Amino acid sequence: MRILIVEDEAKIATSIRDVLVDSGFVPEISTDGEDAWFRGGTEDYSAAILDIGLPKLDGLSVLRNWRNEKIDMPVILLTAKGSWSERVDGIDAGADDYLVKPFHMEELIARLRALLRRAGADKNTRLKAGPLVLDTKQMRVTIDGSPVNVTPLEFRLLNYLLHQRGRVISQEELATNIYFQDQEPDSNAIEVLVGRLRRKLKAKVIQTRRGFGYMIPDEAPDSGDPA
Ligand code: CA
């Protein structure tokens with residue numbers, strides 16, 4: 001899941017990014033309000049973490065602009081310590097939650113997960129499809145209860161397909177949602193990745209819709225032969 005981080009302080013932005021990566025998300029950093037406004041309106045993010053004090057356009061204005069344009073992704077606002085008026089303004093502007101700086105990264109992740117759950121994007125921390133269980137909290141994948149060793153990239157792929165269950169996802173959409181901004185995957189990267197993952201899972205969980213993409217169907221088989 002892609003998460004937009006809007007923060008001009010490089011140190012904070014990179015620590016948020018690192019903890020999001022470790023938690024299986026695909027974060028992108030925007031360092032000023034105008035850029036954030038534009039990207040929030042043109043790109044597809046599951047949520048945004050938005051600082052108030054930003055160059056070019058402040059965070060509250062960014063949020064108001066998004067809401068005026070009916071961009072309804074969940075937003076966690078980062079506010080300065082002790083500024084209750086900022087928090088009130090933030091909620092008025094359409095923030096779903098806020099965190100007061102400085103905050104613990106664990107709390108940010110917990111709030112983000114809760115928000116995604118409420119938004120319906122992350123209903124459960126344990127996602128299932130037939131014999132496959134993906135635990136987004138423990139970052140574990142099991143088949144029929146036995147752990148499967150997956151790379152972070154493979155985990156993000158499974159996580160995205162499970163969240164979009166029952167829908168065919170194009171290779172392009174998969175790539176934007178599982179690779180980081182600075183990564184340029186090869187044209188057949190997704191195909192190779194899915195092939196490798198199928199061999200690891202040893203179960204027919206991911207289906208191919210030739211010419212359209214991949215999907216995990218709503219009703220996955222309970223156990224299966226190698227795909
Ligand atoms: Ca700032």
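This is a predicted model: local features need pLDDT of at least 70, side-chain atom pairs count only at pLDDT 80 or more; totals for chains, interfaces and linings use all residues.
Residues are numbered from 1 along each chain as its sequence is written, and local features need pLDDT of at least 70. Side-chain atom pairs count only at pLDDT 80 or more, while totals for chains, interfaces and linings use all residues; side-chain values use heavy atoms, with hydrogens and water left out.

The calcium ion is held by Asp8 (OD), Asp51 (OD) and Gly53 (O) at 2.1 to 2.4 Å. Donors here are N, O and S atoms within 2.8 Å of the metal, or 3.2 Å for Na, K and Ca, and water is not among the atoms, so sites may look incomplete. Along the sequence, the donor residues follow the spacing D-x42-D-x1-G. Aspartate 8, in the loop between β1 (2-6) and α1 (10-22), and glycine 53, in the loop between β3 (47-51) and α3 (59-68), are 45 residues apart and link distant parts of the chain. Helices (H or I, at least four residues) and strands (E, at least two) are DSSP runs, numbered from the N terminus.

Turning to the sheet, four strands form an open, antiparallel arrangement in the order β6-β7-β8-β9, where pairing requires at least two DSSP bridges between two strands. β6 (126-129) and β9 (146-148) are the edge strands, each pairing on one side only. Strand β8 (residues 140-143) and β9 pair in the antiparallel sense over 3 bridges, and threonine 142 has proline 147 in β9 as its bridge partner. Helix α6 (residues 152-163) packs on this sheet and touches β6, β7 (132-135) and β8, contact meaning heavy atoms within 4.5 Å.

Notes:
Axes are lines fitted to C-alpha atoms, for helices over the stretch in contact, and angles run from 0 to 180 degrees between N-to-C directions.
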